[in-house]
Amino acid sequence: MNTLLSVSVALLAGLLMTRIFKTLKLPDVTAYLIAGVLIGPYCVGRIGIGGLGFPTMDAVHALELVSSVALGFIAFSIGSEFRLEELKKTGKQAFVIGIFQALAATLFVDLALYAVHLAAPDKLTLPQLLVLGAIATATAPAATLMVVRQYKANGPLTKLLLPIVALDDAVGLIVFAVSFGIAKALTLGEFSLVSVLVDPIAEIVFSLILGAILGWCLSFAEKFFHSRSKRQAIVVTAIFFAVALSKLKFNIGPVHIGFSPLLVCMMLGTIFCNVCEFSANLMEKTDRWTAPLFILFFVLSGAELELGVFTDWAIVVIGVVYIIFRSLGKYFGSFTSAKMTACSPEICKY
């Protein structure tokens, strides 16, 4: 009962918070995250009343399945943006900008945090700053997609933006593996070329292959059903199946094979939207009923925020430096590469 009550309170808190943030002209995503913080373990949850918010982090993590499924649907929606006719127009630009802005963010954060490391080596070690620089690469696709949907954005900038958001997650996997491998070598004195280079590339390749296979299967299965409700049910089934299979892990010799749920579901959506002739209609209907799932995803993300870390001034300083220089890296990396690929002035600006 408490779990169901917590889910209900989370959805209600997210919806009510949007009314407040609408007057501030801020995106709904921001409202959901703040709602999560307020009903999390550090605010309302601290009261300890069962069902009224989340009293502990374990209570938040108990709903991790919701987050996994929500990310699957989000990735599937982004995958539908990779239509061949659009990629022929913007594919080269998206590829260059996606890689360049991701690496620029890592470079900016690494250099800025290295300065912090020199000033306070006991507060921020070299391995830690390398890992922080690596996670600066990727951009969470969920928030971007939700903002695009809220404002019904549709134009050259949006069509270029979503593939870039998807691409830098793949870049992030490789950068993180390399940075983490170097950080591990500095900490333990061990360096594995397989884990640094082969494993992340294998994860990307196997994820895309799995997603492509599932996409073809979904397109084939849709031919056996004619009602819209059953076709939509097949799409939902395929996404759940893709998220489940993404949890698989195994070894082929020294190579560790894992799957990225984001890449698997993106490829699932990409193949489906390019192969199935009535995919656009199904995509639109699937997006409609996933709204509560996305609200819950962001509220839970806000509830996961560990407010206790803000009692340490060093972490606050590191966080501020990280946010500022990651933003600068993303901005200048995007602006410079957009200029390099001869994008329109509006795309370069925004």
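## Contact between H5 and H8

In this predicted model, helix H5 meets helix H8 through Glu-86, Thr-90, Gln-93, Ala-94, Phe-95, Ile-97, Gly-98, Ile-99, Gln-101, Ala-102, Leu-103 and Thr-106 on the H5 side. The residues of H8 in this contact are Lys-159, Leu-160, Pro-163, Ile-164, Leu-167, Asp-168, Val-171 and Val-175.

## Geometry of the crossing

Two packed helices are described by the angle between their axes and the distance between the axes. H5 covers residues 84-119 and H8 covers residues 156-188; their axes come within 8 Å and cross at roughly 45 degrees. The crossing of the two helices is right-handed.

## Aromatic pairs

A pair of aromatic rings is described by the distance of the centres and the angle of the planes. The model has nine aromatic pairs, counted with ring centres within 6.5 Å.

One of them joins Phe-108 and Phe-332, with ring centres 6.5 Å apart and planes at 20 degrees. The pair is stacked because this angle is under the 30 degrees that sets the limit. Phe-108 belongs to helix H5 and Phe-332 to helix H14 (residues 313-340), so the pair ties together parts that are 224 residues apart in sequence. Phe-108 is partly exposed, with a relative accessibility of 28%. Phe-332 is also partly exposed, at 40% relative accessibility.

Phe-220 and Phe-224 form another pair, with ring centres 5.3 Å apart. Their planes stand at 75 degrees, so this pair is edge-to-face; the cut-off for that class is over 60 degrees. Phe-224 has a relative accessible area of 56% and is exposed, as the threshold is over 50%.

## The ring cluster

Ring pairs also build a cluster, whose members are Phe-108, Tyr-331, Phe-332 and Phe-335. The stacked pair of Phe-108 and Phe-332 thus has both of its residues in this cluster.

## Thr-18 in H1

Thr-18 is located in helix H1, which spans residues 2-23. With a relative accessibility of 5%, Thr-18 counts as buried, because the limit for that class is under 20%. Leaving aside residues up to four places away in sequence, Thr-18 touches Asp-28, Ala-31 and Tyr-32.

Note on methods
Residues are numbered from 1 along each chain as its sequence is written. This is a predicted model: local features need pLDDT of at least 70, side-chain atom pairs count only at pLDDT 80 or more; totals for chains, interfaces and linings use all residues. Side-chain values use heavy atoms; hydrogens and water are left out. Axes are lines fitted to C-alpha atoms, for helices over the stretch in contact, and angles run from 0 to 180 degrees between N-to-C directions. Helices (H or I, at least four residues) and strands (E, at least two) are DSSP runs, numbered from the N terminus. A crossing is left-handed if the near helix is turned anticlockwise from the far one by less than a right angle, and right-handed if clockwise. Contact means heavy atoms within 4.5 Å. Rings of Phe, Tyr and Trp (its six-membered ring) pair if their centres lie within 6.5 Å; planes under 30 degrees apart count as stacked, over 60 as edge-to-face and the rest as tilted. Buried means under 20% relative accessible area, exposed over 50%, partly exposed in between (1.4 Å probe, protein chains only).
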